[in-house]
Amino acid sequence: MTVLFGQLFTGISIGAVLLLIALGLALTFGQMNVINMAHGEFIMAGAYTTYVLQQSITGAGLSLVVALPVAFVVAGTMGVLLEVLLIRRLYARPLDTLLVTWGVSLILQQLARDIFGSPNVQTRAPELLTGNVALPGGLTIANNRLFILALALAAVAALTLALRLTPLGRRIRAVVQNRDLAAVSGIATSRVDRTTFFLGSGLAGLAGVALTLLGPIGPTMGTNLIIDAFLVVVVGGIGQLKGSVIVAFALGVLQATGEYLTTLSVAKVIVFVAIVAFLQWRPQGLFTLRTRSLA
Amino acid sequence: MSIFRGRRILAGAMTLVAAAAMTACGSKTTDEGGATGVTADVSGDTVKVGLLNSLSGTMAISEVTVRDSIMLAVEEINAAGGVLGKKIQPVGEDGASDWPTFAEKAEKLISEDRVAAVFGCWTSASRKAVKPVFEKNKALLFYPVQYEGLEQSPYIFYTGATTNQQIVPGLDYLKSQGAKSVYLVGSDYVFPRTANKIIKAYAAANGMTVLGEDYAPLGSTEFGTIVNKVKSSGADAVFNTLNGDSNVAFFKEYKSAGLSAAAMPVVSVSIAEEEVKGIGTQYLEGQLTAWNYYQTTPGAANSKFVAAYKAKYGADKPTSDPMEAAYVGVHLWKAMVEKAGAFDVEKVRSASDGITFDAPEGLVTVDGKTQHIAKTARIGKIGADGLITEVWNSGKPVAPDPYLKTYPWASGLS
């Protein structure tokens, strides 16, 4: 029983990681339909930001707290630069966007290698986050996993509220639903695009900070994550956040259960088969955005 | 643009990513036949040797350090007058972490550059890819990394440890510490699977229980479930044959689950000084490793090696076991050539038996029959400073036994 609950929590925490890395993509890919292959490198930028900050801020806890907003801005700024310099010129050419951002991702990886060296770097986690909470029955829940779960949920809540309640959110939704109509209604769509891209890329930076608690910090860390992130958004359905949230947790629990009953490799196969089957049934993903636009 | 068009393109992109990943696993069959050896070109006052390491791709992290230490050995030998009066001229090639490329570059070094010997390769997959090339051309490869044993090519000298010089001593140490049960965690490819077969045979014969065995695909970084399984097994120790980035995720998860070196020690065979830096001592302090060399290994030969390496490549660069084995390989080749009095491959091979070298890891001796070297096994503990200090050694060099013929429990293997 203990193991069962332990596994359930593992599944939820895998889901939280998936959600965090996919959330930014749910904006840039899900809302703007830009296939940004360099999204993983924005995650990497967030992780390296934590590393750089730890060189000057020695307290592990403080540096992590400072790293969250700084990484958001660093990755967000990189995203805006990418949007302004390249993606904006290619909005009508998705295949070119894909190839260009793929190239950008390789360039960023090499840049990281030149600046920080090709071996992984280490960051110190605050002692509080390396421990765990003991529950009755011998069950333990890792603090870093709880932190990531909280961070993911907070990010979803903030994003949802921002999209629902703020004028900026209204503009973003208007552009997503019908770009032309939004433009003729006086919305500066290119400025909205830039802001959306900033938010989406910034969220990737946030994910990067969180991932320093779990995995390797190296030039190629982003490439390992990008496929999972796209899967979550595609299965969740484009143009909606709630789809990504539900799918991230569902895939996490499926992965953890499959892995417990079989092995990691087989569990991955189970997850991919489930995704293929699901997309045969609902090619548009879990939720679709109903719009009147003809696009 | 339509949503669906975007998705179709995305599917294409994912295929592209997957294909890029797959090429790393591809293999190439090398054509056999035309078995005439290519003789090395030693007509001038220099002798060419080939250096075949991945300078790009996923293995570059590790293999660049090996290339660096080979270059250090070459420079030392040249400064001391070369080999048989000829200066060594290194010819470098990039294997690019791609096994067919390794085979291609090996062929190029042997046939076009006509090198006297080649130093390099890291993964077993790359060694298996170049093996037929060296055998067909009757050329020499010096392979510097610990590996899964069960191999003995007449044209390869293995200067890293075989299983009875690393894994078996690791198990002996655990047994001497009173471990009655182990859990096996490894990456999903040939080395961990072979190593675990050997460990299971050892355990069965030595009254140890293997409580579980789990494999993660190379590059996997999600270890929640595996660590849960390890924890609930209540094993006395964990034997870790994970490779690369997976180690980082595994040890971070291990610590968050409340497991520690004191409660359940992990013996790793792929974590050397360089890897410790990338994982973080916060997560590794007190854990065990099995190798034949550490930067802290005592002795004048090692002080000289460490000082020379740091002077050339930077004070923050650690030295590790595979680097040391590569460095030793070059010096052993020089000694073999000088004993043979010629660069001719067959003469070098027959001169190899009994060659000794005062290596940084201690005295090593070439065993001409297996073409492996006798080396001292050392178990180390990772310290807070990121260096590894020895807690046990075999006392004397262990004779190589790639097929574990001298171990009765291993009779059912291979």
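This is a predicted model: local features need pLDDT of at least 70, side-chain atom pairs count only at pLDDT 80 or more; totals for chains, interfaces and linings use all residues.
User: Which element gives the largest share of the side of chain B that touches chain A?

Analyst: The contact takes 41 residues from chain B and 44 residues from chain A. On the side of chain B that touches chain A, the elements that give two or more residues are α1 (3-23), α2 (60-79), β7 (209-216), α7 (224-233), α8 (246-256) and α9 (273-279) of chain B. The largest share, 9 residues, comes from α1(B).

User: How many residues on the side of chain B that touches chain A are nonpolar?

Analyst: Chain B brings 41 residues to the contact. By class, 10 of these are charged and 14 are polar, while the nonpolar residues number 17.

User: How many residues of strand β1 of chain B are buried?

Analyst: Strand β1 of chain B spans residues 46-53 and is mostly covered. A residue counts as buried if 20 or more other C-beta atoms lie within 10 Å of its own. Of the 8 residues in β1(B), the buried ones number 7.

User: What is the hand of the β-α-β crossover from β1(B) to β2(B)?

Analyst: β1(B) pairs with strand β2 (residues 87-94) of chain B over 8 bridges, in the parallel sense. One of the bridge partners is Ile88(B), which faces Val47(B) in that pairing. Between the two strands the chain passes through α2(B), and the crossover is right-handed.

User: Which residue in β3(B) is the bridge partner of Leu52(B)?

Analyst: Strand β3 (residues 118-120) of chain B runs parallel to β1(B), and 3 bridges join them. For Leu52(B), the bridge partner in β3(B) is Gly120(B).

Terms used
Residues are numbered from 1 along each chain as its sequence is written. Chains are lettered from A and ligands numbered from 1 in the order in which they are written. Two residues are in contact if their C-beta atoms, placed from the backbone, lie within 7 Å. Helices (H or I, at least four residues) and strands (E, at least two) are DSSP runs, numbered from the N terminus. Ala, Val, Leu, Ile, Met, Phe, Trp, Tyr, Cys and Pro count as nonpolar, Asp, Glu, Lys and Arg as charged, and the others, Gly among them, as polar. A residue is buried if 20 or more other C-beta atoms lie within 10 Å of its own, exposed if 12 or fewer, and partly exposed in between; C-beta atoms are placed from the backbone. Two strands pair if DSSP finds at least two bridges between them. A crossover is right-handed if, with the strands pointing away from the viewer, the path from the first strand over the helix to the second runs clockwise.
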